Amino acid sequence: MKRILRPTTLAATVILSCLGLLSCGADPSVSAGTGGAVASAAPRATAAGLEILEGGGNAVDAAVATALVLAVVHPNAGNLGGGGFAVIRMGDEVEALDFRETAPAAARAEMYLDENGEAVPDRSLIGPLAAGVPGSPHGYFELHRRYGTLPWKRVVDPAIRAARDGFVVTDRLAGALEENADLLGRFEATAAVWLPGGHPHGAGSIVRIPALAESLLAYADRGPVALMEGSIAAAVVAASERHGGILSLKDLADYRPIWRRPIRFRAFGWEVASMPLPSSGGIILGQTCGMLERLDWAARPRDGADRAHLLAEVWRRAYADRFLLGDPSTSQAAAEDLLSPEWLDLRAATIDVERATPSDEILPWPGPPTESDQTTHFSVVDAEGNAVALTTTLNGSFGSGLLVPEAGFLLNDEMDDFAARPGRPNQFGLVQGEANAVGPGKRMLSSMTPTVAWRDGEILALGAPGGSRIPTGTAQVLLNTVVDGDGLQSAVDRPRVHHQWRPDAIWAEADALTPETRQELIRRGHDIRKRNAIGLVQIVRRTADGMCQAVADPRGPGSAAVVGKQGARPGPWEMNQ
Ligand code: DON
């Protein structure tokens, strides 16, 4: 049943949402349906999720199908050769699956340094030395093994069809191939698939990847061992060795995903679950909400300087604390301390509502940042209100650029997420500590923030790509929804800001700050820089009355759709398809 808001209801909605008292009803500007919803970075992947929901699959079945189609049609981030995280709520069970890549056993801290001890970024970004042991093949399989209801082959099938029968290159993919042609052209096998005849595929052309279709068929038959052991694993190791990499058969065979206890907290009346170490995402989100509640953030005017100032101050501290984090083996205790009420009290108490605290007063700053983009997040909710938030990545766009010819997939460059040299910024400008130094078998610290939040029968699943901007982008959409009662579309559309401690600046999307707010922030001591797309947030929701909705971030390639749509007009995402 579609809810129609009458003027009086509308007035009440506005008033209640201004007061932050509203439970999030269905957004009347977005299509709603009772059969579930999917928001992902690619129309074909969203369609796969929908196909599975319509065929009786649950949110996990649909999530795995979506992830695998992304591995075919969104090669800059979707993957079999990368890793990721999923936070899910199935019935009352709330779980986090860590299928992050691990450092190969032969990885050493000095590996990315020159003879003067300075980091050589290309080594951790390009080619097989940049690649961690892929976690995705086990990750998707394990999600399905534990929670899936449809046969495994059925959820892999849409990806097989895409790779074998072909898919249409979208404008976005054509643009990404063009933009990354240098990287893709470095390795013959990669160029053969993605730059045929030396040129990137143009928009509208049909691409088939027979080797990837074969890998997926083997995966459908035998699960992850088909990729992580035997002939495909041997091909991965051979491709790595050919170009100076250190991945071994044992690294691949030994890989295991890990179920972890999500970071759980209550914020603004909602229960929230997000990703624990080896991601910093849930910790930053938990610290953000914890400090904001202590600072009475919800009561401050929506677009005023106080809110932006407090966000910047909270994030400056949360990202400084991130310096202590790394693989759980190095920093589990620190993670727990960082979310303790005592620490949040102390941290929040150091915030001056009138003045920016220079980041230099929190920890020393070693140098300027560089940036790069590409990861992918999608969210799924099913008719029962089960929800999956899943973020997966190769790290940089198209990962290490190295495609394994016999397998048809690219290897990641996730090793760059370690602190090649602790104290120096990585490609996201993140300054990280010893806890995240390179070490054999370790999982590199992430910022990915797949998140599920629920209250009174209503549930949201969300997350984003965007490197260091993932936790802040995700936090703002969550706050817009649960604090301001925004509809999904407005929660995603509203311009965002970002601060990450280093560099000591607020990054703001166009129109995020009114001229008065900007001036006031400068008066309080902030440096403000312009930045496009602070995260690309994909969000789904099921309201207490069973209406499901999905919104894909208009800042990036995105596609959202609902099952059993009831009479709503198409949202902008449907026109994208
Ligand atoms: O795990 C991380 O935090 C990064 N590897 C994510 C990379 C990313 O989001 C790239 N950009 N959009």
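An oxygen atom of the ligand lies 2.7 Å from a polar backbone atom of Gly 467, a polar contact being a pair of N or O atoms within 3.5 Å (within protein, one must be able to donate a hydrogen and the other to accept it, and residues adjacent in sequence count only if both atoms are side-chain atoms). The protein buries 98% of the 340 Å² that the ligand exposes when taken alone; accessible areas come from the Shrake-Rupley method with a 1.4 Å probe, and for residues only the protein chains shown count as cover.

The model is predicted, so to speak of local features requires pLDDT of at least 70 and side-chain atom pairs count only at pLDDT 80 or more, while totals for chains, interfaces and linings use all residues. Residues are numbered from 1 along each chain as its sequence is written, and side-chain values use heavy atoms, with hydrogens and water left out.

A polar side-chain atom of Asp 417 is 2.5 Å from a nitrogen atom of the ligand, and a backbone N or O atom of Gly 466 is 3.1 Å from a nitrogen atom of the ligand. Around the ligand there are 15 residues, of which Gln 374, Thr 375, Asn 395, Asp 417 and Ser 446 come nearest; a residue is near if one of its heavy atoms lies within 4 Å. This shell has four nonpolar, seven polar and four charged residues, where Ala, Val, Leu, Ile, Met, Phe, Trp, Tyr, Cys and Pro count as nonpolar, Asp, Glu, Lys and Arg as charged, and the others, Gly among them, as polar.

The ligand sits in the largest cavity, meaning that more than half of its atoms lie within 2 Å of the grid points. A cavity is a set of points, on a 1 Å grid over the protein atoms alone, where a 1.4 Å probe fits but cannot get out, and lining residues have an atom within 4 Å of a point. The lining has 17 residues, with Asp 417, Phe 428, Ser 446, Ser 447 and Gly 467 nearest the centre.

Elsewhere, the backbone has some features to check. The peptide bond from Leu 277 to Pro 278 is cis, with omega near 15°, and the bond from Arg 502 to Pro 503 is cis, with omega near -5°. Phi of Asp 296 is near 55°, a positive value in a residue other than glycine.

Definitions and conventions. On a 1 Å grid over the protein atoms alone, a cavity is a set of points where a 1.4 Å probe fits but cannot get out, and a pocket is an open set with protein on both sides within 12 Å along at least five of seven lines; lining residues have an atom within 4 Å of a point.
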